[in-house]
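Here are a few friendly notes to read alongside the structure.

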Amino acid sequence: MEKTPDNAFVESVVRKGYEHGFVTNVESDAFPQGISEDIVRAISARKAEPEWLLDWRLKAFRTWQKMAEPAWAKVGYPTIDYDAIYYYAAPKGPAPKSLDEVDPELLATFEKLGVPLHERAALAGVAVDAVFDSVSVGTTFKDRLAEAGVIFCSFSEAVHNHPDLVRKYLGSVVPRGDNYFAALNSAVFSDGSFVFIPEGTRCPMELSTYFRINAKNSGQFERTLIIAERGSHVSYLEGCTAPQRDENQLHAAVVELVAHEDAEIKYSTVQNWYPGDEHGKGGIYNFVTKRGKCAGARSKISWTQVETGSSITWKYPSCVLIGDDSVGEFYSIALTRNYQQADTGTKMVHIGKRTRSTIISKGISAGHGQNTYRGLVEIHAGADGARNYSECDSLLIGSQCGAHTFPYITCGNDSAQIEHEATTSKISEDQLFYCRQRGLSEEDAVSLIVTGFCKEVLRELPMEFAVEANKLLAVSLEGTVG
Amino acid sequence: MIEIKNLHVRTEGGAEILKGLDLHIPAGQVHAIMGPNGSGKSTLSYVLAGRDGYEVTAGSVLFKGQDLLAMAPEERAHAGIFLGLQYPVEIPGVSNAYFLRTAVNAVRVARGQPALDAVAFMAEMRRAAKVVELSTEMLKRDVNVGFSGGEKKRNEILQLGLLDPEFAILDETDSGLDIDALSVVARGINAHRGPGRSFLVITHYQRLLDHVRPDVVHVLQGGRIVKTGGPELALELEARGYGWVTEQGA
Amino acid sequence: MSDQPWLAALRARAAERFAADGWPDRRTEHWKYTSVAPIERARLAPVEAAAQRAEVQAVRAAIAPEAADFVRDFSDLSPALQAEVGRVAALDGHAFAARNLLDLHDGLVIHVPRGVRVAAPIVLAWGTPASGAARPVRVLVLAEAQAEVTVIERFDGDGEGAALTNAVTEIIARDGAQVRYAKAQLERDGAFHVGRVAIEAGRDARVEAHLLNLGGALARTELDVALVAPGADVALKGLFGGRGARHQDQHVTVRHQSPRATSDQDFRGVLAAGARGVFTGLVHVAAGAHHTRATQQNRNLLLDAGAHVDTRPQLEIHNDDVQCSHGATTGRLDATALFYLRSRGLDLATARQLLTLAFAAELTEALPDEGLRALALDRLRDAISGG
């Protein structure tokens with residue numbers, strides 16, 4: 001009764017599996033392979049950084065040297081040779097001063113990725129910072145944002161144009177020695193995005209950074225810092241892709257968010273780094289530290305992520321809820337297939353009174369994919385009336401995959417209320433049959449059921465991204481059945 | 001329309017449920033199958049629709065001359081088989097309207113008809129929903145999630161109307177319905193009767209047949225058709241129970 | 001009297017293991033929330049061989065006469081039974097289990113032959129350890145195919161001073177056997193208790209294990225379950241907590257190694273005034289264990305501001321044909337329910353007691369022994385009222 005897909009079909013699935021696998025031919029200006037104090041100094045010098053920042057990087061580097069790579073996550077990979085990585089790679093030539101000066105080849109690349117940088121062609125209502133390997137190549141709608149007082153620029157620009165803000169907030173949420181990968185990033189980060197929303201301002205557009213790794217054997221170490229002043233509001237989107245290569249590449253980013261009193265930051269990610277091929281060859285190692293601080297009363301930070309890419313995902317976007325009545329949210333879809341491994345989740349640290357957090361995690365494993373939810377809910381003694389609700393559901397497609405759920409719940413306050421629920425099951429035979437009886441192919445039926453399974457998370461995404469994420473899920477599910 | 005010969009079926013690794021079932025339903029006719037619990041009624045409907053978990057050990061099923069048993073469930077749907085389930089399945093997170101449109105267009109494309117665009121489909125759906133008195137509110141909700149028993153069954157008949165099958169199997173569509181819901185469902189079924197469409201109505205009770213008058217009534221017992229008659233057979237069964245058939249057959 | 005050669009051989013292996021591992025520390029994931037430093041600091045001395053043998057005989061003598069025939073000590077084991085001691089409770093990564101064997105000179109084996117049903121519960125009432133003593137306790141329950149038995153172990157709380165009970169119980173339920181087991185840890189306030197209950201369930205075997213972890217200053221019980229054949233069914237029910245400086249740790253690992261097996265866990269904590277509760281529960285489903293059904297529940301009630309709980313319900317699943325779920329909740333008594341009872345005339349203390357006992361009722365009512373139920377309820381009332 002089962003259909004056996006013919007070869008042409010299999011091929012189309014494999015080929016269609018990753019549509020952003022092309023390489024852009026630009027001349028790259030890269031530092032020698034490997035990591036050392038000299039490389040850290042060279043990166044800082046290339047960016048003409050102030051002394052304090054070089055100092056900060058060097059301290060991070062020395063801390064990193066003393067640290068050991070964490071082994072607790074449920075992921076397996078060969079030892080990373082940190083001396084075989086290029087820590088800085090950028091398109092050759094002087095940095096463009098405006099979008100008009102950007103190499104047409106680069107513009108074409110982002111165009112091809114669906115992120116046109118010409119403001120005429122750009123998505124209305126979305127400002128984009130485009131990061132290519134180690135540098136930002138351009139930011140759209142800067143002027144319009146400036147009118148509202150919003151600063152949206154590359155991290156390097158911010159270091160020069162807004163040094164006080166950078167100095168005040170850099171490392172204030174993720175200290176430079178926070179963990180192995182954060183320390184590495186702090187030493188060698190090359191660029192990223194910087195956002196500042198002034199008091200009482202509702203950011204007039206969605207802000208977005210599109211990360212593209214292009215150069216071979218290079219790592220990408222970007223840093224994002226978003227500051228929302230009292231009573232402000234911003235929605236930020238992040239997208240990522242990389243070429244299809246046989247070698248693994250390292251991506252170790254740090255994202256810091258600060259929400260002051262009554263401010264709200266919504267951070268959405270559609271992560272589609274190259275996941276490796278159907279035999280598990282190649283793919284991005286994605287080791288990312290993302291954390292938000294709800295510093296002020298009634299502030300809110302909401303993380304939404306759709307993780308379909310990378311051969312290894314290691315990330316736990318977290319909220320430290322300091323302000324009374326502050327709110328943290330984490331909505332996640334993680335899909336692993338072929339030989340992908342994901343160990344992802346969140347930390348919700350409740351410190352302020354009546355702080356509330358919600359965790360909705362949907363894991364889908366297919367093929368030989370391994371998917372782990374790992375999360376911490378920590379209620380401090382002073383967090384009177386704190387609330388947490390967590391729901392972690394896993395869906396398994398095929399007998400070779402794995403789904404794992406590791407929540408850690410710590411409660412030191414008797415007035416707190418914590419609820420955690422998790423289920424793991426295979427995709428329902430009843431649902432599959434019902435859909436097929438109504439004429440849907442098995443693959444379409446799986447795609448429909450999985451989309452329904454993920455709906456609670458998908459509806460948290462801004463519209464433009466929700467459509468993208470839906471398509472991504474459907475493409476990622478192709479070839480998982482039959 | 002459909003020709004079932006000497007059908008033997010057992011559950012995967014389990015007991016034989018159908019033991020040489022023969023059934024012929026010509027185009028345009030409504031046949032009812034009645035029988036006690038465990039007689040194999042639901043198994044028959046699942047085997048015709050192609051559900052996993054059943055093993056056909058002997059016999060054949062021809063649908064418009066095609067070998068039905070060789071086809072995948074969706075291919076049977078495309079060919080014109082519809083099964084209204086006794087317990088319609090919930091699909092959380094998927095709106096009824098989206099599900100219906102996906103299904104209708106999958107079937108249309110497979111039949112060589114153009115897919116309906118959103119506007120054309122909505123008009124179709126509203127028309128079909130009216131027949132079974134389903135509100136547009138129900139169309140926006142997730143498939144069968146939070147539907148009452150009656151709403152689920154009306155939703156099945158709505159799908160029957162939209163998917164335009166040539167052969168519809170209705171498995172205990174009357175179970176769990178109050179009299180009002182029953183008459184709505186029955187009206188829905190009757191609205192879809194026609195010369196090109198055959199029905200197999202599976203039921204435990206005679207009351208649905210008061211509303212949907214069958215051409216032929218069969219009694220299924222012990223995995224075989226043990227008696228066949230006209231609509232009056234249903235009344236007789238209601239009055240005298242299934243034991244009477246067994247005694248007669250013995 | 002010197003030890004049996006088979007026991008000496010076990011001890012030698014344990015010595016090696018303990019020398020290699022040493023005491024666990026909190027950097028070990030399994031001991032993240034429980035520090036054994038207070039036990040190390042107390043410098044307790046292992047109980048002498050003669051005293052151990054005397055205690056084993058005393059416990060054996062108190063067993064109901066109609067059940068006593070099924071219980072033997074270590075001097076009286078067939079080679080087949082000798083080979084079962086220490087088989088299920090593996091030593092890898094279990095320093096306390098190694099330490100138990102290292103200090104061990106005698107223990108009890110309950111062996112129920114094929115098809116035999118032991119009607120009376122076998123109650124093992126372990127006395128209280130002397131001040132300054134580290135006492136190993138070892139029990140093996142072997143229910144042959146289709147056998148039925150109920151075993152209750154009690155660790156009561158008389159005496160005073162620091163002491164450690166290090167108890168290892170192995171339960172083997174062969175094909176179709178039915179074992180009910182309860183362990184009541186009600187040790188005195190100054191005592192440490194580290195225990196391990198290792199269960200192996202065979203084809204269509206049913207094991208029900210109850211854990212009352214309600215005494216001691218620092219107590220941890222590990223429940224390790226292996227479902228090794230199709231149709232095995234294991235239910236674990238645990239009640240833990242108390243009032244004051246108590247640390248109660250329950251560490252559960254359930255391994256589904258075979259298809260069509262079922263496991264259920266229901267653990268509830270009631271904590272007040274400085275008490276700390278820890279629950280870790282892992283359900284591991286191996287690649288071939290199709291049609292697995294597993295549930296896991298941990299509910300915690302914090303009675304006042306000094307209570308603390310850490311909970312880690314975990315699922316690790318390596319095949320798709322499963323139905324697994326877990327849930328954990330932590331909170332205080334429901335304010336609406338309290339108000340409702342008070343509006344019906346109950347005073348606050350009575351209302352609190354009623355709701356707390358109700359929270360635990362499903363577990364206390366399922367206990368296989370009336371006396372045990374009374375003890376559990378007493379302890380709970382103490383925790384609630386501060387008595």
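1. Axes here are lines fitted to C-alpha atoms, for helices over the stretch in contact, with angles running from 0 to 180 degrees between N-to-C directions. This is a predicted model, where local features need pLDDT of at least 70 and side-chain atom pairs count only at pLDDT 80 or more, while totals for chains, interfaces and linings use all residues. Residues are numbered from 1 along each chain as its sequence is written, and chains are lettered from A in the order in which they are written.

2. In chain A, the axes of helix 2 (residues 37-46) and helix 3 (residues 51-66) come within 10 Å and cross at roughly 155°. Helix 2 and helix 3 of chain A are therefore roughly antiparallel (angles over 145 degrees).

3. On the helix 2 side of chain A, the contact is made by A:Glu37, A:Val40, A:Arg41 and A:Ser44; helix 3 of chain A brings A:Leu53, A:Leu54, A:Arg57, A:Leu58 and A:Phe61. Contact means C-beta atoms, placed from the backbone, within 7 Å.

4. Over in chain C, helix 8 (residues 348-365) and helix 9 (residues 370-385) have axes that come within 10 Å and cross at roughly 145°. Among the residues making this contact are C:Ala349 and C:Leu357 of helix 8 of chain C, and C:Leu377 and C:Ile384 of helix 9 of chain C.

5. What does C:Val141 touch, not counting residues up to four places away in sequence? Its partners are C:Ile110, C:Val149, C:Val151, C:Glu170, C:Ile171, C:Ile172, C:Val179 and C:Tyr181.

Definitions and conventions. Helix = DSSP H or I, 4+ residues; strand = E, 2+ residues; numbered from the N terminus. Parallel < 35°, antiparallel > 145°, perpendicular 65-115°, else oblique. Contact = placed C-beta atoms within 7 Å.
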